[in-house]
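Subject: Structure handover

Hello,

Here is the structure I promised to pass on. Please open it alongside this email.

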Amino acid sequence: MLRRDTSRSYQEFNGEDCAGPLGSYQNNDVSEVEQDQASCDPSPDEDIVDNNVMPTGFNKACLKNVFTVILVLIYLLLTTVAVFLAYQTISDFMEKLNHPVMSVSYKEVEEFTAPGIALYPGKAQLLSCVHHYHDNIPPLVALGILEERKCIKEEVIYHGPYSNQTQQKRAIVVRGPTDVRNRELIFLQFSRNETEEDFSAISYMIFAKFSDMLESSDKAAFMMDCERNYSMWTFSGGFRTWVKMSLVKTSGRGNESVEFRQESSVVKYIDKRPPQEQANELFFVVFQWRDPFIQQVKDIVTANPWNTIAILCGVFMALFKAADFAKLSIKWTIKIRKRHLRAKIRELNQIS
């Protein structure tokens with residue numbers, strides 16, 4: 001009896017000893033596995049937080065990228081406008097430089113420099129040459145008779161620039177009026193007995209200074225140059241032609257020219273001579289200044305280089321600023337992109 005109790009108690013002891021360590025070992029394995037699963041499986045709260053954070057960050061990054069692209073496009077547009085403005089500024093400057101504006105001004109003078117009046121009478125004879133004042137011409141007394149010539153004149157014979165060298169031209173050069181305030185005028189009378197021409201007229205030319213012709217060593221060459229540069233006019237026989245002169249000086253690009261403009265009025269002469277004397281045709285001409293003003297015409301370049309340089313400097317500064325901003329925007333976009341990729345890789349690593 002004692003042996004049975006001993007064996008039973010021994011078995012119970014052994015069973016308790018064996019069951020104790022094994023059960024504890026199995027319980028420990030189960031708890032560790034559950035802890036691992038719990039650590040690997042996200043909790044519901046963490047899923048909700050991650051789902052809320054990820055779309056918010058993605059939306060911000062997208063908005064920043066879109067805003068950056070819009071700014072780059074705006075600056076590209078501004079750059080295009082700046083380049084067009086620079087091109088237009090340079091084009092306008094060159095256009096104004098090549099096509100100056102004509103500026104007209106009037107200068108009042110007390111008296112004019114005596115012009116030279118060259119008359120080409122042909123077969124006509126100069127009967128009288130007299131200076132008068134205040135628009136007053138005395139009545140004609142001795143018609144067709146040589147009178148005292150009270151004027152300074154010079155006779156020049158030369159070959160015309162537009163004719164052959166065998167044909168000579170005779171010019172009577174008279175000193176023109178100067179006193180415009182007292183309305184000085186010069187009255188000339190010509191007579192011609194016969195003519196072989198179809199039209200009865202005497203040509204004349206007005207050049208700048210009578211003194212230049214007197215001081216010239218070669219008067220024939222001087223008259224040839226004047227005929228090339230000045231215009232020729234005519235007055236007819238049987239009339240009194242009143243010529244009113246005005247002076248125009250044109251200067252520009254280093255060149256200066258003088259031009260005479262004229263207004264003429266013609267009055268028919270009533271010939272009261274005996275019929276036998278009317279065969280001699282009479283010519284009357286009057287030269288006078290129209291007003292005491294010299295018209296000055298100048299070429300003015302309206303293009304201002306300093307304004308053009310200032311505009312171009314502003315344009316180039318805008319271009320440099322736009323290029324700098326575009327470079328910084330591209331760098332910032334690349335940086336945001338790299339940061340977004342690193343965050344995405346980190347999330348994938350956490351999930352794996």
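Below is what I found, from the whole protein down to single residues.

Please keep in mind that this is a predicted model.

**Overall**

The protein has 352 residues, and 26% of them are buried. It contains 5 helices and 11 strands. Take the contacts between residues at least 6 apart in sequence: 79% of these join residues at least 24 apart.

**A surface patch**

Which residues form a nonpolar patch on the surface? They are Val66, Ile70, Ile74, Tyr75 and Leu78. Together they have about 430 Å² of accessible area. Look at Tyr75 in particular. It sits in helix 2, which covers residues 44–98. Tyr75 has 30% relative accessibility, so it counts as partly exposed.

**A buried arginine**

Now go to Arg273. You will find it in the loop between strand 10 (255–268) and strand 11 (281–300). Is Arg273 buried or exposed? Its relative accessibility is 9%, so Arg273 counts as buried. The cut-off for buried is under 20%.

Best wishes

Note on methods: Residues numbered from 1 in each chain as written. Predicted model: local features only at pLDDT ≥ 70, side-chain atom pairs only at ≥ 80, totals over all residues. Heavy atoms only, no water. Patch = residues over 30% accessible without salt bridge, like charges linked within 9 Å, V, L, I, M, F, W, Y side chains within 5 Å. Areas by Shrake-Rupley, 256 points an atom, 1.4 Å probe, with all protein chains shown as cover. Salt bridge = Lys/Arg side-chain N within 4 Å of Asp/Glu carboxyl O. Helix = DSSP H or I, 4+ residues; strand = E, 2+ residues; numbered from the N terminus. Buried < 20%, exposed > 50% of the residue type's maximum accessible area, 1.4 Å probe, protein only. Contact = heavy atoms within 4.5 Å.
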